[in-house]
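Welcome! Take a look at what follows, and then we can go through some questions together.

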Amino acid sequence: MVATGGAQLRCVLMIVSLVIAAAPLGFSGGGARSHRDRMARRLETLIAPSSTADAPSISQGKSGSRVYHVIDYGADPTGVADSFAAISKAISDAFADAESGLSLIAGISNLGGVEVHLDGGVYVVTSPLTLPANGGNVKIHGGSLRAADDFPTDRYLIELWAAHDSSSGGRASSSGYEYEYVTLRDLMLDSNYRGGGIAVVNSLRTSIDNCYIVHFTSDGVSVQSGHETFIRNSFIGQHITAGNDPGEKNFTGTGINLAGNDNAVTDVVIFSAAIGILVSGQANTLTGVHCYNKAAGWGGTGIYLKLPGLTQTRITNCYMDYTGIVSEDPVQLHISGSFFLGDANVVLKSVNGVVKGVDIVDNMFSGGGKGVDIVRLDESNGKFVNVDQVTVRRNSVSGMTARSTAARATVEGNGTTWTVDFSPVLLFPGRIGHVQYTLVADSAFPSHALRNVSGNTVVIESDVAVKATLHVEVDQGLGSMDGVF
């Protein structure tokens, strides 16, 4: 600091000398003196700070930068001392002053893009870091948090949860939301097997980006109510592993728990948990997700859709690695462009016997030759009785049993009856909704008709014996208003 101050002083003195020397070269006496006076006063202001060498104040965000550094508040970046109070104070100060200008949704204060910076440290906290309610346009980023050994087991390291904000008393804003446009980015969260990672409750337009969340016992990320939470480019696992973990069958917890609507999970890896993603809210999108959590053979599930009757979920371009997808009474479910490895499959689970508007198309399935169906019906609670607009087709299958809602076959015969059994291929037992066939006879012109479709077996009969080839196509999933196969 002294060296810097000395250099600064020499620089200013040089400038003053040049100004003084320049006076005889054309400056008027009054003008030169006035200029020298101003330079002298400026010199005084430059010299004074270098002599005091004051440390920066933690209140600097109010008059200058709105970046609050937790180290300035006394947080311990080595992870030895408890940093809960220091980080909480930084967060509280960040939420204290709302910026004027662009408004957020009614009742949510615009914090202007304020940041809480963790300064690349590892911080131990004994209690959850709960964000004050009714604020938004804020980012917390750039470090690691770890739950202390006495951290409460029913809470989360970071909570956007107004009910847990003691200053708000759990009051909702006039819009009904408690947070908007909160970004949690570039964080590693270690729950130390003492609860969960992040809880987002009744929040609007929240981003969880480039986070690494481990050692949870409840949820890595929990989203409740609200909508439009985006979880992307993140890695989530109860245990840190890269597969073939000897304790895999003992994995517990849920990687992501979506109990709200209109959220998106994009380019996320769930590398260990009993359930990778549990969805109980509507209109969610999962894209580019890689689940290799607890294998299906040991009772694990990659994606569990637990919202029977109105699923409205899109799953695209995902990688289900030895762990599959289960959906209860799916209504409006789309699964496409995904890769299922190691006998991973899709299970449609009957609750009230309803399956409508389901598309499972253009996926790849690769198994171990054990005869596992790529799509299986779980009717342990009752048969599917209300089936409409279900399409399972155009899937690439290796080492597993292909199932489809549409099939075609060609048989040759010489007689009056042609029989084609589609039961090894069709998904739903005893249910053919549409048949289209062509009987090509060698010589005669017999009369013929479709006689039976029971048991997914198609029977065609002619009035006279004839040598002929039968081409037949069947479909199980067409709705009543569909016209073209």
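Q: Where is the place of threonine 316?
A: Threonine 316 sits in strand β17, residues 313–316; strands here are DSSP runs of E with at least two residues, numbered from the N terminus. This is a predicted model, where local features need pLDDT of at least 70, side-chain atom pairs count only at pLDDT 80 or more, and totals for chains, interfaces and linings use all residues. Residues are numbered from 1 along each chain as its sequence is written, and side-chain values use heavy atoms, leaving out hydrogens and water.

Q: Why does threonine 316 count as buried?
A: Its relative accessibility is 18%, and buried means under 20% relative accessible area (exposed is over 50%, partly exposed in between, with a 1.4 Å probe and protein chains only). So threonine 316 is buried.

Q: What makes a polar contact with the side chain of threonine 316?
A: The side chain of threonine 287 does, at 3.3 Å. A polar contact is a pair of N or O atoms within 3.5 Å, where within protein one must be able to donate a hydrogen and the other to accept it, and residues adjacent in sequence count only if both atoms are side-chain atoms.

Q: Why is the aromatic pair of phenylalanine 340 and phenylalanine 365 called stacked?
A: Rings of Phe, Tyr and Trp (its six-membered ring) pair if their centres lie within 6.5 Å; planes under 30 degrees apart count as stacked, over 60 as edge-to-face and the rest as tilted. Here the centres are 4.5 Å apart with 15° between the planes, so the pair is stacked.

Q: What does this pair tie together?
A: Phenylalanine 340 lies in strand β21 and phenylalanine 365 in strand β24, so the pair ties together parts that are 25 residues apart in sequence.

Definitions and conventions
Helix = DSSP H or I, 4+ residues; strand = E, 2+ residues; numbered from the N terminus.
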